[in-house]
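Work through the exercises below with the sequence and the model side by side, trying each task before reading its solution.

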Amino acid sequence: MATKAKFQAIKGTRDLLPPETELWNRVETTACEVFRTFGFGEIRPPIFEPTELFRRAVGGETDIVSKEMYTIEDKPGGPPDPSDSLSLRPEATASVCRAYIEHNMQQWPAPVKLYYRGPMFRRERPQKGRYRQFYQIGAEVLGGSDRPGIDAEVIEMVMTFFERLELPGVELEINSIGHSAANCRRGYVEKLRAALLEVQDRLGADSQRRILTNPLRVLDSKLDDEQAIIATLPKIGDGLCDECKAHYAELKRQLDLRGVAFRENWRLVRGLDYYMRTTFEITARGLGSQNAVCGGGRYDGLVELLGGPPTKGIGFAIGEDRLILSLLEAKKETAREESPAAGRSDVYVAWMGKGSEPAAIRAARKLREAGLRVELPAAEQKFGKALGQADKLGARFALILGEDELESGRWTLKNLQDGTQEKVSEGAVVEFLRDRVAGNRWSRETRDR
Ligand code: AMP
């Protein structure tokens with residue numbers, strides 16, 4: 001008989017499973033809490049958009065748009081319409097700007113502060129920390145001014161979030177890439193191109209190609225052979241106009257005021273015209289070569305490019321997969337338990353004898369209402385088997401309900417960590433367990449610190 005082919009998650013995608021998903025939830029909840037304190041509200045844009053939106057916002061010549069998007073034709077053969085070609089979003093800034101325009105958010109109190117979380121899709125070569133479906137948590141500030149205090153506050157917000165999570169080895173790098181005018185970035189790019197042409201024979205094929213298409217991207221090169229050459233190239237900071245220089249100096253002062261430590265990296269660039277001035281990147285420990293957990297920058301021209309009014313904008317995107325990897329790597333998290341079920345439950349309701357089933361169901365409901373994690377076996381079990389099962393699930397207590405307990409109204413609570421046993425009157429069971437389990441969680445969390 002032919003064996004049936006087993007299905008597997010598609011290359012570059014994966015299932016996130018418990019207990020790790022608990023950590024994902026905690027990370028996202030923490031982001032929501034921290035971002036709220038900075039005045040951000042959540043936006044949930046659709047997962048697919050017209051391909052044209054990304055072509056314009058991210059740039060048709062970028063790898064992301066030219067090679068990595070998952071695109072479908074919605075109405076093949078029908079009359080041509082720009083929204084016929086749809087793409088799974090490779091990032092969310094384009095959607096947020098589209099929504100800003102679509103909902104006339106320029107009429108909302110400025111600046112508009114929005115954050116998002118969710119899956120993004122890029123057909124990249126999968127490796128540790130790089131997937132084809134990956135998750136980002138990001139935020140954008142739209143409208144308002146381009147004062148460096150806003151840039152600094154956005155960076156402070158990410159750093160506060162990482163601090164709250166105790167993310168290990170966090171390092172922030174900043175740069176300014178000026179603005180597109182001839183007396184600023186455009187002038188610098190010409191100088192850079194001329195310098196690159198002089199050394200082009202010593203550069204790899206990718207960099208050689210970029211001298212003409214996008215010389216700033218040569219600065220991104222990770223090739224060992226090119227590092228010494230790049231170090232000798234003209235620096236963008238030297239070519240900035242006075243206004244951009246002042247903006248950058250003020251950004252640094254604002255970060256100092258907030259006690260945010262940073263390192264300057266003149267090679268931190270973005271290749272697209274509408275990016276301007278502030279760029280930043282944050283790395284964390286335990287991630288190997290894919291160690292960037294957050295990238296961000298100012299993009300004052302983007303909303304206008306998408307057909308909206310001139311609008312200041314700055315934002316960032318955090319790679320949630322990498323963030324989680326780094327947290328797990330640091331073993332700070334209890335999520336990496338020995339078995340998938342370990343730590344799943346607080347109380348195991350071991351009922352014995354048909355007569356005790358209704359009381360067991362009622363008890364489970366009350367305990368769950370009190371926020372406890374309760375396991376209620378669907379069938380009667382022998383005492384030994386019930387305790388074994390409770391142990392496997394990591395329950396702290398077994399609530400034992402048999403005929404004796406029903407008759408006397410005093411239920412048996414077995415502490416599975418130290419083996420002690422107590423009788424507690426039926427009415428006091430919920431409070432007893434809530435106190436013990438909460439106390440237990442507390443002592444475990446403080447011990448782990
Ligand atoms: P970007 O949108 O390219 O600026 O990326 C922002 C952040 O998203 C990066 O710093 C990474 O942490 C994360 N990221 C980007 N691409 C991927 C990917 N293919 N897999 C996992 N994380 C990614």
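**Exercise 1.** By class, how many nonpolar, polar and charged residues does the shell around the ligand have?

Solution. This is a predicted model, in which local features need pLDDT of at least 70, side-chain atom pairs count only at pLDDT 80 or more, and totals for chains, interfaces and linings use all residues. Residues are numbered from 1 along each chain as its sequence is written, and side-chain values use heavy atoms, with hydrogens and water left out. The shell has six nonpolar, three polar and five charged residues, where Asp, Glu, Lys and Arg count as charged, Ala, Val, Leu, Ile, Met, Phe, Trp, Tyr, Cys and Pro as nonpolar, and the others, Gly among them, as polar.

**Exercise 2.** Which strand gives the most to the shell around the ligand?

Solution. Begin with β6 (133-142), β10 (292-298) and β11 (313-319), each of which supplies at least two residues; strands are DSSP runs of E, at least two residues, numbered from the N terminus. Among these, β10 gives the most, with three residues.

**Exercise 3.** How far is an oxygen atom of the ligand from an N or O atom in the side chain of Arg122?

Solution. For Arg122 the distance is 2.9 Å, and a polar side-chain atom of Gln136 lies 3.0 Å from a ligand oxygen. Gly319 instead brings a backbone N or O atom, 3.4 Å from an oxygen atom of the ligand.

Notes: Polar contact = N/O pair within 3.5 Å; in protein donor to acceptor, adjacent residues only side chain to side chain. Helix = DSSP H or I, 4+ residues; strand = E, 2+ residues; numbered from the N terminus.
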